[in-house]
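The entries follow the order in which I went through them.

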Amino acid sequence: MELQQTKVLDTNDQDAEPVYLFGIEKGATGWVVSTWNEIPHSDAGVPSVSMKAKVGSAQVKMNAIDQFSIPGYPSYFWIIPGENVLATVRFEMSRSGQGGLVSYVSQFMAQFSSYVIKKVSGTDSTVVGYTDKGDGVPQQGVRPVFRTSVSQKPDRHKKLIANYARIRRVIRRGHVTTTNAVGRKAWQGAIAFIRGLSASTNAVGQRVMMEVDYRPTKAELEAMIEAEMNDPNTDGWDDMGFMLDKDPNPHWLGRERCRGEITLNVNIKNDTIELASLVKALEDKKKTILDFRK
């Protein structure tokens, strides 16, 4: 298929940029899937500004793009059905693009999977339901669902939960923006308390680290861990940590996520990874990569 034919749109999210199937390659035990994530642009091209421009006087330059091209960036994923694992493969400072993949698969299942029942009228078709019975009759209360969650190192979490009674302090590191109403309100309250300022103090894009002496119950700790580990917006500097009695070092949840760095021998052409070489490299290092979960 042509790349333009693989675009799947989420009509409920007008702000989402289109995602395309860039490539797919089968390995011995899994598949490498690459998506192409379209970036915002107009008929005039892709906007950019000079890094040496002065704040308030930067001039926007439109970089022309080919009429039949799609400006964007690739993302790479390794799917291993036998392990129930989807690994996001990032190179240097590349973006993960996992949100785009989840949306893509969800929309594909909702519109084009073999379980879809459509009503066809001329050249138009409308999805009327889903079934796995093969009789063309929509099943009640059935809809496609595709979800991912961050893989955790369960043994370490179990140790933390087993020692919940020793927790004496909770540490939160995160970013506060004007689009995060709850976080903004908490930050403004903290500013008012620390500096004696009005709670209306503006906070835009602030890095925040707060420590609270608190002893959560076992149920509260389990809920905190689950919420933190399944938050797709928590990465990098953002984290939650716990201080335990008679232990001077904080225990950070972010370090319990299954992630790691590895060197892969792949072929690169035009700043994109050749998928045949990528799937081979991943299969060669499969045990090492899966051990990131331990």
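The entries below take up a helix and then the salt bridges.

**Entry 1, ground rules.** I am working from a predicted model, in which local features need pLDDT of at least 70 and side-chain atom pairs count only at pLDDT 80 or more, while totals for chains, interfaces and linings use all residues. I number residues from 1 along each chain as its sequence is written, and the side-chain values use heavy atoms, with hydrogens and water left out.

I take helices (H or I, at least four residues) and strands (E, at least two) as DSSP runs, numbered from the N terminus. For burial I use relative accessible area with a 1.4 Å probe and protein chains only: buried is under 20%, exposed is over 50%, and partly exposed is in between. Helix H5 spans residues 275–284, and seven of its 10 residues are buried, so the helix is largely enclosed by the rest of the structure. The buried positions I listed are Leu275, Ser277, Leu278, Val279, Ala281, Leu282 and Glu283. I then looked up what covers them, with contact meaning heavy atoms within 4.5 Å; the cover includes strands E1 (19–26), E2 (31–38), E5 (72–80), E6 (85–89) and E14 (272–273), together with helix H6 (286–290).

Asp284 and Lys280 form a salt bridge at 3.1 Å, N to O, where the term requires a side-chain nitrogen of Lys or Arg within 4 Å of a carboxyl oxygen of Asp or Glu. Both residues lie in helix H5, four residues apart, which is about one turn of the helix. I noted Asp284 as exposed, with a relative accessible area of 55%, and Lys280 as exposed too, at 52%.

How many salt bridges does a search of the whole structure find? I recorded six. Among them, Glu211 pairs with Arg169, with the closest N and O atoms 3.2 Å apart. Glu211 belongs to strand E10 (residues 206–213) and Arg169 to strand E9 (residues 167–176), so this bridge ties together parts that are 42 residues apart in sequence. Arg169 also forms a salt bridge with Asp213, the closest N and O atoms being 2.8 Å apart. This second pair again links distant parts of the chain, with Asp213 in strand E10 and Arg169 in strand E9, 44 residues apart.

Arg169 counts as partly exposed at 24% relative accessibility, and Glu211 as partly exposed at 44%, whereas Asp213 counts as exposed at 58%.
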